[in-house]
Each structure stands twice: as C-alpha cells, then as structure tokens.
Amino acid sequence: ALGNLGRIYEASDSIKKAKEYYFEGRQTFSDIKDTFGLIMIYKNLPRLLMLEDKYNEALSMLLQGKLIATKRNNIADLSRIQYYLGQAYQGLGKYKLAFESLKEYSSLNDSIFNTEKNQIRLELNQKYETERKEKEILKQELELRTKNAIIKRRTIISISLLIVAILLAILGYVYYQKNRVARFQNIVLET
C-alpha cells in the first residue's frame with residue numbers, strides 16, 4: 001500500500017510526499033521480507049532521486065532491485081531496472097556502463113516480447129487444435145449417425161422382406177391347401 005501511495009503522489013507531482021512513502025515502504029517491505037514490494041520501491045524511488053541528481057543513491061537502490069529481481073527471475077521488472085540503471089550511469093558520466101545497461105534493457109525487452117509472442121502463438125495453436133479436434137469429433141459423430149441410419153434402414157428392409165417372405169409362404173401354403181382340397185374334391189366328384 002505504501003508503494004502504491006508513493007506512485008499516487010508521484011503521479012500528482014507531489015514528489016516529496018511520494019519519496020516519503022517510498023522510503024517508508026522500503027523499510028516496511030524490508031522488515032517483512034516482501035521482495036515483490038522491495039522491487040517496486042527499488043524500481044520507482046530511484047527515478048525520483050535522479051530528478052534531484054542523486055545518481056549514486058539511485059544507483060545503489062537500482063543495483064539492490066536488480067539483485068532481487070534476478071533472484072525472482074522477474075524479467076519485466078529487471079528490464080525496467082536496467083533502463084533506469086542506464087539513466088543513472090549516464091547521469092554519473094559512466095557512458096560505457098550506461099550503454100551496457102541499455103543494451104541489457106533492450107535484450108530483456110526482446111525476451112519479454114518473444115515470450116509474449118510465443119505465449120500468443122501457443123494460445124492460438126491450442127485454439128486451432130481444439131477447433132480441429134472439435135470438428136473431427138463432429139465429423140465422427142456425423143459418420144456414426146449416418147452409419148446408424150444405414151444400419152437402421154437395412155434392418156427395416158430386412159424385417160420387411162422377412163415379413164413379406166412369411167406372408168408369401170403363408171399365402172403359398174393356403175393356396176397349396178386350397179388347391180389340394182380342390183383336387184381332392186375333383187377326384188371325389190369324378191368318382
């Protein structure tokens with residue numbers, strides 16, 4: 001909360017008040033060993049110190065922030081810290097170190113960009129694969145329904161043919177019996 005208050009006062013150009021909250025936040029975060037909060041302080045407070053040409057003090061804090069961000073593998077904050085390190089070194093007239101810091105900043109930004117791009121690529125690929133699998137499932141379901149409809153139709157045709165065959169057999173039997181009775185009656189009448 002103290003770091004956030006510092007940013008609020010910084011945004012409203014109350015630099016003195018912002019610095020007070022940042023310093024208080026640094027002490028609090030240090031006491032409770034909140035490395036995330038410390039990174040935020042070591043990333044934001046040095047910017048204000050550099051406005052007052054306190055480059056050595058800013059550099060010290062930025063180096064502490066760099067150490068913590070590196071341990072946490074926090075690339076985004078490490079990138080911003082490298083940028084501010086470049087500014088601090090430039091303010092101290094250490095142009096080679098400023099160049100190296102800004103080069104590292106650029107490299108980290110490229111890494112962040114590539115990571116985000118890869119994440120987007122993975123998400124798009126996952127969506128594509130999901131859609132492809134869903135379409136495949138729908139295709140298989142359609143094929144299954146079609147096969148079931150064909151089987152059902154064949155079953156109905158088979159049952160219908162069986163019923164017709166049974167009816168023909170019954171009619172044939174009845175006709176045969178009727179003919180037999182008629183022949184028998186003809187023989188009886190002739191005799």
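## Basis of the model

The model is predicted: local features need pLDDT of at least 70, side-chain atom pairs count only at pLDDT 80 or more, and totals for chains, interfaces and linings use all residues. Residues are numbered from 1 along each chain as its sequence is written, and side-chain values use heavy atoms, with hydrogens and water left out.

## Fold and dimensions

The protein contains six helices and zero strands, giving the pattern α-α-α-α-α-α along the sequence. Helices (H or I, at least four residues) and strands (E, at least two) are DSSP runs, numbered from the N terminus.

The radius of gyration is 44 Å, whereas a compact globule of 191 residues would have a value near 16 Å. This radius is taken over C-alpha atoms, and the globule rule is 2.2 Å times the number of residues to the power 0.38. Along the principal axes, the C-alpha atoms fill a box of roughly 145 × 35 × 30 Å.

## Burial, surface and contacts

Of the 191 residues, 25% are buried; buried means under 20% relative accessible area, exposed over 50%, and partly exposed in between (1.4 Å probe, protein chains only). The protein exposes about 14000 Å², of which carbon and sulfur atoms supply 59%. Accessible areas come from the Shrake-Rupley method with a 1.4 Å probe, and for residues only the protein chains shown count as cover.

Among contacts (heavy atoms within 4.5 Å) between residues at least 6 apart in sequence, 48% join residues at least 24 apart.

## Lysine 43

Lysine 43 belongs to helix H3 (residues 35-51). It counts as buried because its relative accessibility is 15%. Its side chain makes a polar contact with the side chain of aspartate 77 at 2.7 Å. A polar contact is a pair of N or O atoms within 3.5 Å; within protein, one must be able to donate a hydrogen and the other to accept it, and residues adjacent in sequence count only if both atoms are side-chain atoms.

With neighbours within four places in sequence left aside, lysine 43 is in contact with Asp77, Arg80, Ile81 and Tyr84.

## Positive phi in two loops

Lysine 33 lies in the loop between helix H2 (15-31) and H3. Although not a glycine, lysine 33 has a positive phi of about 55°. Its relative accessible area is 68%, so lysine 33 is exposed.

Asparagine 73 occupies the loop between helix H4 (55-72) and helix H5 (75-91). The phi of asparagine 73, a residue other than glycine, is positive and near 55°. With a relative accessible area of 59%, asparagine 73 is exposed.
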